[in-house]
Amino acid sequence: MLRSRSPDMVRQEIYGCLLAHHAISALICQAATEADVAPDWVSFTRTVRIIRRAIGPAASPPEREEHLRAAVKADTSRKQDINPQRRHRTCPRAIKRARHNSYRVKRARHKGTRHAGPPTITPRQPAHMRS
């Protein structure tokens, strides 16, 4: 919920929210890399709660920043709290009743498909690293 009233302050508040989202995503990525798990298995909402608990109501002194970051990374990527791996989709994305969206309506001819292996995501290289 945005608290600002002027357009410039609303814009600044949105930029702040986007920066916070980016910082949390980067922290998740670092924690997942160090724990040797996929970053999309780490819960974003759970990470936000961990960060809120670690920071508390008052800002922490700069000398505790590295200690807090290490503690948050460790809590975020604990093996028992990692999201379980998703099952492969067996049916195409379709809905049972027509609504006002872009998904097709499921018919009797729509059959499920089995996938041979897990879905793979190949990270893109930055433009300056491509040959």
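## Basis of the model

The structure is a predicted model, in which local features need pLDDT of at least 70, side-chain atom pairs count only at pLDDT 80 or more, and totals for chains, interfaces and linings use all residues. Residues are numbered from 1 along each chain as its sequence is written, and side-chain values use heavy atoms, with hydrogens and water left out.

## Overall architecture

The protein chain contains three helices and two strands. Helices (H or I, at least four residues) and strands (E, at least two) are DSSP runs, numbered from the N terminus. Read from the N terminus, the order of the elements is α-α-α-β-β.

Of the 131 residues in the protein chain, 16% are buried. Here buried means under 20% relative accessible area, exposed means over 50%, and partly exposed lies in between (1.4 Å probe, protein chains only). The accessible surface of the chain is about 11500 Å², and carbon and sulfur atoms account for 55% of that surface. These areas come from the Shrake-Rupley method with a 1.4 Å probe; for residues, only the protein chains shown count as cover.

Contact means heavy atoms within 4.5 Å. Among contacts between residues at least 6 apart in sequence, 45% join residues at least 24 apart.

## Packing of α2 and α3

Two packed helices are described by the angle between their axes and by the distance between the axes. Helix α2 spans residues 44-55 and helix α3 spans residues 65-76; their axes come within 10 Å and cross at roughly 145°. The axes are lines fitted to C-alpha atoms, for helices over the stretch in contact, and the angles run from 0 to 180 degrees between N-to-C directions. The crossing of α2 with α3 is right-handed. A crossing is right-handed if the near helix is turned clockwise from the far one by less than a right angle, and left-handed if anticlockwise.

On the α2 side, the contact involves R46, T47, I50, I51 and A54, which meet L68, V72, D75 and T76 of α3. These residues divide into five nonpolar, two polar and two charged. In this grouping, Ala, Val, Leu, Ile, Met, Phe, Trp, Tyr, Cys and Pro count as nonpolar, Asp, Glu, Lys and Arg as charged, and the others, Gly among them, as polar.

## Residues of α2

T47 is located in helix α2. T47 counts as buried because its relative accessible area is 1%. Beyond residues up to four places away in sequence, T47 touches I24, I28, V42 and T76.

F44 also belongs to helix α2. With 30% relative accessibility, F44 is partly exposed. When residues up to four places away in sequence are not counted, F44 touches H21, I24, S25 and I28. The C-alpha atoms of F44 and I24 are 7.8 Å apart in space, although the two residues are 20 residues apart in sequence.

E13 lies in helix α1, which covers residues 7-35. E13 is classed as buried because its relative accessible area is 16%. Apart from neighbours within four places in sequence, E13 is in contact with M1, L2, R3 and S4.

A26 is likewise found in helix α1. A26 is partly exposed, at a relative accessible area of 33%. A26 and P39 are 13 residues apart in sequence, and their C-alpha atoms are 9.6 Å apart. D36 occupies the loop between α1 and α2. Phi of D36 is near 60°, a positive value in a residue other than glycine. D36 counts as exposed because its relative accessibility is 70%.

D81 is placed in the loop between α3 and β1 (94-95). The relative accessible area of D81 is 23%, so D81 is partly exposed. Setting aside residues up to four places away in sequence, D81 touches R46 and D75. The C-alpha atoms of D81 and R46 are separated by 9.1 Å, and these residues are 35 residues apart along the chain.

## Cysteines

The count of disulfides is zero, a disulfide being a pair of cysteine sulfur atoms within 2.5 Å. C17 is partly exposed, at 46% relative accessibility. C29 is partly exposed, at 36% relative accessibility.
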